[in-house]
Amino acid sequence: QAHFEESGGGLAQPGGSLTLSCASAAFTPPGYVMGWYRQAPGKERELVASVTSSGSTFYADSVNGRFTISRDIRESMTYLHLEDLKSEDTAVYYCNGFLPASSPSRVQFSWGRGTEVTVSS
C-alpha cells in the first residue's frame, strides 16, 4: 500500500491554476521534509518543491514564483498550488518525504499513483 495519496490533478488551460493535495495513509514523522515531484512523459522524476517541518521551502527554478508548497503537519497533509500553468508543467505529480540531511532523491516511502496534470488549450 502506498504511503501517500495524491489528488487534485486534471486538465487546465495555459495560465490556469490547480491545487494538488497529498494525504498520508499512515503516520509520517513530522521531522521529514515533504516534497512534490513530477515526471513528464519520457523524462525522469524531478523534485519541484519541498517544505520542512519548520516551513522552510525550496522551489525548482522552473516553478519558482508560480508554485506554492504548504503543509499541515497536524492533518498530515501537504499541498501544492500551481499558478500560471504552462504546457511544460504537464506531468504526473507525486509527493514523498525524505530526511532533512539527505538528498531529495532518497525518499523514505513507497511512491503513490500520483495525480496527473495536463496543461493544454
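1. Ground rules. The model is predicted: local features need pLDDT of at least 70, side-chain atom pairs count only at pLDDT 80 or more, and totals for chains, interfaces and linings use all residues. Residues are numbered from 1 along each chain as its sequence is written, and side-chain values use heavy atoms, with hydrogens and water left out.

2. Six strands make an open, mixed sheet, ordered 2-10-9-4-5-6. Strands are DSSP runs of E, at least two residues, numbered from the N terminus; two of them pair if DSSP finds at least two bridges between them. Strand 2 (10-12) and strand 6 (57-59) are the edges; each has a single partner strand, so one side of each lacks a neighbour in the sheet. From one strand to the next the twist averages 25° (axes are lines fitted to C-alpha atoms; angles run from 0 to 180 degrees between N-to-C directions).

3. Strands 4 and 9. Strand 4 (residues 33-39) pairs with strand 9 (residues 91-98) in the antiparallel sense, over seven bridges. Arginine 38 is opposite tyrosine 93 of strand 9.

4. Threonine 28. This residue sits in the loop between strand 3 (18-24) and strand 4. Its relative accessibility is 9%, so threonine 28 counts as buried (under 20% relative accessible area; exposed is over 50%, partly exposed in between; 1.4 Å probe, protein chains only). Beyond its neighbours within four places in sequence, threonine 28 contacts His3, Phe4, Met34 and Phe109 (heavy atoms within 4.5 Å).

5. The structure has four aromatic pairs (Phe, Tyr or six-membered Trp rings with centres within 6.5 Å; planes under 30 degrees apart are stacked, over 60 edge-to-face, the rest tilted). Phenylalanine 4 and phenylalanine 109 are edge-to-face, because their centres are 5.3 Å apart and their planes at 85°. They are 105 residues apart: phenylalanine 4 is in strand 1 (residues 4-7), phenylalanine 109 in the loop between strand 9 and strand 10 (115-119). Phenylalanine 4 is buried at 2%, and phenylalanine 109 is buried at 16%. Ring pairs join Phe4, Tyr32 and Phe109 in a cluster.

6. Tyrosine 94 is buried at 11%; tryptophan 111 is partly exposed at 29%. Arginine 45 lies over the face of tyrosine 94, 4.5 Å from the ring centre. The charged end of arginine 45 is also over the ring of tryptophan 111, 3.7 Å from its centre (NZ of Lys or CZ of Arg within 6 Å of the ring centre and within 35 degrees of the ring normal).

Key: Helices (H or I, at least four residues) and strands (E, at least two) are DSSP runs, numbered from the N terminus.
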